[in-house]
Amino acid sequence: MNGTAADALMYTWFFLAVLSAGYVAYDAFTRNPELTVMKWGWVLVTLYIGPVGASLYVLSCKEPQPGTHERFTAPLWKQALGSTIHCVAGDATGIMVAAVAASLLDLPPWADAVLEYAVGFGFGLLVFQALFMRDMLGGGYRAAVRSTVFAEWLSMNCVMGAMVAVNVIVRSHVPGARDVADVRFWATFSLAVLAGLAFAYPVNVWLVSNHLKHGMGTVRALGSGGAALPVPKPATTATGTMAMPGTAVTGEQKAAMATLTVLFLAAGVLLAALFGSLA
């Protein structure tokens, strides 16, 4: 990541990221019946991971023909990917804000990591999950927080476990990677978000398949008009909000999955300490 050639590659990557985000934004807001919060989620994540995000959007969320979105996004892997995108969009945005603040304040790596986790989890839960989804979850903000905190915490542990390892290790060995004014800072962040997305996906598959978290929805499925649904509508409450199907997951299973995500987070911190510098 040193030298003129590396700089040119990184700037080229960010140029492609902007183009990719522009394409996703145009298609999502003009042609896609996806929920608005998911449209923003796709745009943000694509801005962070560039052509990878745009490719995932086309493969999992862009309806191939008008009126086919519900059927196209029905498979579990697509529902889980949409759930992961929603999570990463909120968490990574909070982490980015914290990372910029830590760079400007010249915080040590361990304090930077703690701040990133706290702000990332707080923004992901309180804003991107509970605030933006409160109408869909019944209209009450506190109820939305309570209903999403467990799933958001599990997903955040996986996002941060991957991101802390990438961020700390790269920043410890690459000059300029801790400086918010350096392109290497943003290249490191982009790589970390991509790692966070990859490692958060499996737990989101488990959450969506067990009805502990929503996958991708559409405005048509929520009764806002549009073409007739090619698949049955999801259950809705008397107020018109989307109802989460019942789950058969036991308390012990939830505790087991929580333990695995905490261990994954700890493994990321351990890797950061072994191959980077947390001091």
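Guide: What follows is an account of the aromatic pairs and of the charges placed over rings. The model is a predicted one. A pair of aromatic rings is described by the distance of the centres and the angle of the planes. The count of such pairs in this model comes to 7.

Consider Phe29 and Trp40, whose ring centres lie 5.2 Å apart with the planes at 65°. Since planes over 60 degrees apart count as edge-to-face, this pair is therefore edge-to-face. The pair links distant parts of the chain, with Phe29 in helix 1 (residues 4-31) and Trp40 in helix 2 (residues 36-49), 11 residues apart. Phe29 is partly exposed, at 36% relative accessibility, and Trp40 is also partly exposed, at 46%.

Trp186 and Phe189 form an aromatic pair that is edge-to-face too, with 6.4 Å from centre to centre and 80° between the planes. Both residues belong to helix 8 (residues 183-209), where they are 3 residues apart, about one turn of the helix. Trp186 is partly exposed at 27% relative accessibility, whereas Phe189 is buried, its relative accessible area being 3%. Trp186 and Phe189 also belong to one aromatic cluster with Tyr48 and Phe185.

Charged side chains complete this account. The charged end of Lys78 sits over the ring of Phe72, at 3.4 Å from the ring centre. Lys254, in turn, lies over the face of Phe150, 6.0 Å from the centre of that ring.

How values were computed: Residues are numbered from 1 along each chain as its sequence is written. This is a predicted model: local features need pLDDT of at least 70, side-chain atom pairs count only at pLDDT 80 or more; totals for chains, interfaces and linings use all residues. Side-chain values use heavy atoms; hydrogens and water are left out. Rings of Phe, Tyr and Trp (its six-membered ring) pair if their centres lie within 6.5 Å; planes under 30 degrees apart count as stacked, over 60 as edge-to-face and the rest as tilted. Helices (H or I, at least four residues) and strands (E, at least two) are DSSP runs, numbered from the N terminus. Buried means under 20% relative accessible area, exposed over 50%, partly exposed in between (1.4 Å probe, protein chains only). A charge sits over a ring if NZ of Lys or CZ of Arg is within 6 Å of the ring centre and within 35 degrees of the ring normal.
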